[in-house]
Amino acid sequence: TGSQQEAEDLVQEAYVRAFRSWQQFRPGTNLRAWLLRIVHNLAVDASRKRSRTPHTEPVEEGDYYLYHRLGAGTAPEETDQVLERLSQGGIVTALASLPQQYRDTVVLVDLADFSYQDAADILDVPIGTVMSRLHRGRRMLKTALAQSLETGAVS
């Protein structure tokens, strides 16, 4: 989603939708895959919605005059700095640069530890498609990371 707040809102909306459509869940099937399918669909919808909204200009530094004057712009604590550095790392940037179909597959299989079959169910594609997307996604990720290392972008 690009931000932790949007991701949390997405998960919350997914739980609301899951509770509303609980009767559609088939007992004996993979509950986690069913829930992640709901999250995936909501993420795709949110992405489409963002792409339709006009781009806004960023706020200028001078617009924060009162904020800084009141002392709110003090340095974050050490743990906040570490978390910010980790969340803005080159790996996250490289992963975000992947096309969505490859990024979704890599995240489900490599980060969330889903089986190929579960990932196929969540993404609603054949298992062979998951395998090929995973291979291509990993290769693109490796290339992006290698390029960021050459330019010194990974911290």
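Me: Contact means heavy atoms within 4.5 Å. Leaving aside neighbours within four places in sequence, what is Leu108 in contact with?

Reply: Leu108 is in contact with Leu36, Asp113, Phe114, Ala119, Ile122 and Leu123. Bear in mind that this is a predicted model, where local features need pLDDT of at least 70 and side-chain atom pairs count only at pLDDT 80 or more, while totals for chains, interfaces and linings use all residues. Residues are numbered from 1 along each chain as its sequence is written, and side-chain values use heavy atoms, with hydrogens and water left out.

Me: What makes up the secondary structure of the protein?

Reply: Eight helices and zero strands, so the order from the N terminus is simply α-α-α-α-α-α-α-α. These are DSSP runs numbered from the N terminus: a helix is H or I over at least four residues, a strand is E over at least two.

Me: Which residues of α8 are buried, and what covers them?

Reply: Val130, Arg133, Leu134, Gly137, Leu141, Ala144 and Ser148. The cover includes α5 (90–97), α6 (100–111) and α7 (116–123). On spacing, an α-helix has 3.6 residues a turn, so residues three or four places apart point the same way.

Me: What makes Gln12 count as buried or exposed?

Reply: Its relative accessibility is 54%, so Gln12 counts as exposed. Gln12 belongs to helix α1 (4–20). Gln12 and Val39 are 27 residues apart in sequence and 9.3 Å apart, C-alpha to C-alpha.

Me: How about Gly2, buried or exposed?

Reply: Exposed, because its relative accessible area is 82%. Gly2 is in the segment before α1. The C-alpha atoms of Gly2 and Ala96, 94 residues apart along the chain, are separated by 8.2 Å.

Me: What is the phi of Asp113, and where does that residue lie?

Reply: Phi of Asp113 is positive, about 60°, although the residue is not a glycine. Asp113 lies in the loop between α6 and α7, and with 63% relative accessibility it counts as exposed. Asp124 also has a positive phi, near 60°, and is other than glycine. That one lies in the loop between α7 and α8, and at 61% it counts as exposed.

Me: What makes a nonpolar core, and how many residues has the largest?

Reply: A nonpolar core is a set of buried Ala, Val, Leu, Ile, Met, Phe, Trp, Tyr and Cys residues joined through side-chain atoms within 4.5 Å. The largest has 18 residues, and Val106, Leu108, Val130 and Leu141 have the most contacts inside it. α5, α6, α7 and α8 each supply at least two residues of this core. A second, separate core of seven residues includes Leu10, Ala18, Trp34 and Ile38.

Me: How much of the protein is buried?

Reply: Buried residues make up 24% of the 155. As for contacts between residues at least 6 apart in sequence, 58% join residues at least 24 apart.

Technical notes:
Buried < 20%, exposed > 50% of the residue type's maximum accessible area, 1.4 Å probe, protein only.
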